[in-house]
Amino acid sequence: MTTFDTPHRRINPLTGESVLVSPHRAKRPWLGQVEKTPPENLPQYDPTCYLCPRNERAGGVTNPDYESTFVFDNDFSALLPAPSPRHVSDHPLFASVSERGLCRVVCFSPRHDLTLPELDNASIEKVITTWTEQTVDLSRKEFVSYVQVFENKGAMMGCSNPHPHSQIWGTEHIPVEPAKELERQKAYFTANGRTLLSDYLKEEHKRSERILFANDHFTALVPYWAVWPFETMVIAHRNAARLDELTYAEIGALADILKRLTTRYDNLFEISFPYSMGFHQAPFDDQPHPEWTLHAHFYPPLLRSATIRKFMVGYEMLAMPQRDITPEAAADRLRSLSDIHYKHEPH
Ligand code: H2U
Ligand code: ZN
């Protein structure tokens with residue numbers, strides 16, 4: 001095990017980008033902004049919520065009386081499916097391309113008050129199969145080459161409504177982050193004949209200091225190159241490149257990992273823990289993708305309590321990301337927590 005107690009840079013092999021780690025600085029005092037904690041007790045049904053069953057959404061559409069997951073086209077889609085006129089630029093310094101796509105919202109359940117860790121395993125499996133069906137459905141549109149599943153959780157992450165939901169966007173081009181990962185995973189596979197993430201996972205299991213937990217099919221860990229204080233990844237053990245390649249057993253295992261990880265996140269500061277998470281799947285670009293390993297990233301903003309967040313400002317905006325608490329220390333904290341949600345733990 002390596003001891004890191006002085007400033008150093010770590011490189012993210014998936015993107016080629018670096019993070020500056022400053023372990024000696026983790027105890028600096030904080031007199032800055034303090035966040036509000038989210039309300040703890042939400043109603044099961046909120047008559048003013050545009051995601052609850054039977055309620056009206058923008059544009060006057062009424063939600064069905066749905067009983068498990070519910071998917072609809074975003075009423076304020078960031079992308080449009082219709083082809084737009086070809087962009088013609090009169091100068092290389094003013095480049096643009098048109099982008100077609102579709103944006104959907106996926107509600108986890110009719111319950112306004114139940115977040116991912118509070119759903120039972122069968123309901124989480126249903127969320128995963130809905131993400132899978134939607135991935136396949138969007139990928140069948142002739143103009144879609146990449147599908148991004150993601151969840152913004154908590155007001156701190158810009159989530160507009162506490163009713164547990166995620167989003168899924170299909171786009172004509174491969175977006176920036178997956179495009180970097182595609183290039184790096186391809187280069188690694190070409191050079192080594194094995195996938196980058198399968199080799200990484202094997203090494204992490206040997207070293208064990210950043211592993212949180214694993215089951216037969218998935219591992220949750222704090223990546224060596226994590227930028228956010230409690231950033232984690234969930235990585236498939238097998239070389240599945242997309243959600244639709246998962247077997248029933250793997251979907252069950254993924255549900256188990258997601259439930260345990262989000263439960264520990266909530267237990268960390270005993271609040272509904274905010275984050276942005278999403279799956280990185282291989283693109284739908286008519287190419288084989290033996291280099292790609294299905295994985296999820298969780299990016300939570302909180303740093304040292306329910307009310308103190310990490311800001312990506314100053315040096316991060318102008319130079320490179322920087323963190324104080326080491327990924328190993330963050331993994332220690334997350335590993336020490338219970339898999340039983342604090343709201344349900346006998347006090
Ligand atoms: P968040 O995951 O950021 O909370 O987004 C929820 C989405 O719901 C957001 O993209 C959409 C917004 O455009 N929305 C509707 O589609 N219909 C509505 O009636 C309100 C919000
Ligand atoms: Zn609701």
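## Cores and loops of a predicted chain

In this predicted model, the largest nonpolar core has 56 residues, and those with the most contacts inside it are Trp-131, Phe-230, Val-234, Leu-254, Leu-258 and Phe-279. A nonpolar core is here a set of buried Ala, Val, Leu, Ile, Met, Phe, Trp, Tyr and Cys residues joined through side-chain atoms within 4.5 Å, where buried means under 20% relative accessible area, exposed over 50%, and partly exposed in between, with a 1.4 Å probe and protein chains only. Helix 4, residues 248-269, gives the most to this core, with 10 residues. Helices (H or I, at least four residues) and strands (E, at least two) are DSSP runs, numbered from the N terminus. A second, separate core of 10 residues includes Leu-14, Leu-221, Trp-225 and Met-233.

Two conventions apply throughout. Residues are numbered from 1 along each chain as its sequence is written, while chains are lettered from A and ligands numbered from 1 in the order in which they are written. Because the model is predicted, local features need pLDDT of at least 70 and side-chain atom pairs count only at pLDDT 80 or more, whereas totals for chains, interfaces and linings use all residues; side-chain values use heavy atoms, with hydrogens and water left out.

Leaving aside its neighbours within four places in sequence, Phe-279 is in contact (heavy atoms within 4.5 Å) with Trp-131, Tyr-146, Gln-148, Val-149, Leu-243, Leu-254, Leu-258, Leu-294, His-295 and Ala-296. Among these partners, Trp-131, Leu-254 and Leu-258 are also listed with Phe-279 as residues with the most contacts inside the core.

Trp-225 does the like for the second core, of which Trp-225 is a member. Trp-225 is placed in the loop between strand 8 and strand 9 (232-236), and at 3% relative accessibility it counts as buried. Beyond its neighbours within four places in sequence, Trp-225 is in contact with Arg-10, Ile-11, Asn-12, Pro-13, Leu-14, Val-19, Tyr-200 and Met-233. Trp-225 and Val-21 are 204 residues apart in sequence, and their C-alpha atoms are 9.1 Å apart in space.

The chain as a whole holds six helices and 14 strands. For its 347 residues a compact globule would have a radius of gyration near 20 Å, and the 21 Å of the chain agrees with this; the radius is taken over C-alpha atoms, and the globule rule is 2.2 Å times the number of residues to the power 0.38. Along the principal axes, the C-alpha atoms fill a box of roughly 55 × 55 × 45 Å. Of the 347 residues, 52% count as buried, and among the contacts with a separation of 6 or more, 69% are accounted for by residues 24 or more positions apart. The chain exposes about 16700 Å², of which carbon and sulfur atoms supply 55%; accessible areas come from the Shrake-Rupley method with a 1.4 Å probe, and for residues only the protein chains shown count as cover.

Several further loop residues can be followed in turn. Asn-215 lies between strand 7 (211-214) and strand 8 (218-221) and is buried, with a relative accessible area of 19%. Not counting residues up to four places away in sequence, Asn-215 touches His-237, Ala-253, Asp-256 and Ile-257; from His-237 it is 22 residues away in sequence and 9.4 Å in space, C-alpha to C-alpha. Leu-119, in the loop between strand 4 (101-107) and helix 1 (121-139), is likewise buried, with a relative accessible area of 4%. With residues up to four places away again not counted, Leu-119 touches Phe-108, Ser-109, Leu-114, Ile-124, Val-127 and Lys-259.

Pro-85, in the loop between strand 3 and strand 4, counts as exposed at 66% relative accessibility, and its C-alpha atom is 9.9 Å from that of Val-97, 12 residues apart in sequence. Arg-54 lies in the loop between strand 2 (18-21) and strand 3 (70-73) and counts as partly exposed at 46% relative accessibility; its phi is near 70°, a positive value in a residue other than glycine. Ser-208, in the loop between helix 3 (196-207) and strand 7, has a phi near 60°, again positive in a residue other than glycine, and is partly exposed, with a relative accessible area of 42%.
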